[in-house]
Amino acid sequence: MITLNQSRSIVAAARAEGRELQLNPLTVAVLDAGGHLVALEREDGAAFGRPEIAAGKAAGALAMGLPSRRLGDMAAERPQFMAALSAAWQGRLIPAAGGVLIRDADGTLLGAVGVSGDLSDKDEEVAMAGIAAAGLVPG
């Protein structure tokens with residue numbers, strides 16, 4: 001189980017990396033392995049809807065056991081399947097890079113982080129930086 005302190009560390013480090021890279025204002029969501037929201041921060045100026053997008057990236061990664069980048073690939077390859085998944089999960093699945101699974105050093109799944117606000121590749125980059133800064137393993 002991911003702790004609140006670990007989640008806060010991921011959020012802080014992801015936001016710091018975003019500021020270092022001069023990204024648009026970000027929203028960072030951390031979910032535990034059961035899909036429950038543990039921590040969320042929306043930076044000043046982040047667009048409306050970013051909390052739902054960030055949480056949806058993380059939730060999709062958890063639900064499928066894959067990074068949300070891979071879900072984006074699947075959406076292009078099998079759009080009907082991904083549409084069905086999205087409907088089954090009441091739209092909680094966002095198939096775009098920025099949702100990354102969080103594991104401990106032993107490989108145990110702890111949860112996922114989702115980031116939204118800039119280009120999806122950049123969202124994913126800061127998500128991974130946040131995980132690593134908390135002493136955890138992305139993927």
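Contact, in this talk, means heavy atoms within 4.5 Å.

A word on the source. This is a predicted model, in which local features need pLDDT of at least 70, side-chain atom pairs count only at pLDDT 80 or more, and totals for chains, interfaces and linings use all residues. Residues are numbered from 1 along each chain as its sequence is written, and side-chain values use heavy atoms, with hydrogens and water left out.

Next, the cores. A nonpolar core is a set of buried Ala, Val, Leu, Ile, Met, Phe, Trp, Tyr and Cys residues joined through side-chain atoms within 4.5 Å. Buried means under 20% relative accessible area, exposed over 50%, and partly exposed in between, with a 1.4 Å probe and protein chains only. The largest nonpolar core has 18 residues, and Ile 2, Ile 10, Val 30, Ile 102, Val 113, Val 115 and Leu 136 touch the most other members. Two or more residues each come from helix H1 (4-20), strand S1 (27-32), strand S3 (99-103), strand S4 (109-116) and helix H5 (120-133). Helices (H or I, at least four residues) and strands (E, at least two) are DSSP runs, numbered from the N terminus. A second, separate core has seven residues, including Ala 58, Ala 61, Leu 62 and Leu 101.

Now helix H1. Ser 7 is in this helix, and Ser 7 is buried, with a relative accessible area of 0%. Beyond four places in sequence, Ser 7 is in contact with Ile 2, Val 30, Val 38 and Ala 39. Val 11 also lies in H1 and is buried, at 1%. What does Val 11 touch, not counting residues up to four places away in sequence? Val 28, Val 30, Ala 39 and Glu 41. The C-alpha atoms of Val 11 and Glu 41 are separated by 7.1 Å, although the two are 30 residues apart along the chain.

On to H5. Its buried residues are Asp 123, Glu 124, Val 126, Ala 127, Gly 130 and Ile 131. Seen down the axis of H5, they fall within an arc of 170° (taken from the directions from the helix axis to the C-beta atoms), so they line one face of the helix. They pack against H1, helix H2 (50-64), helix H3 (68-77), S3, S4 and strand S5 (137-138). After H5 comes Gly 135, with a positive phi near 80°.
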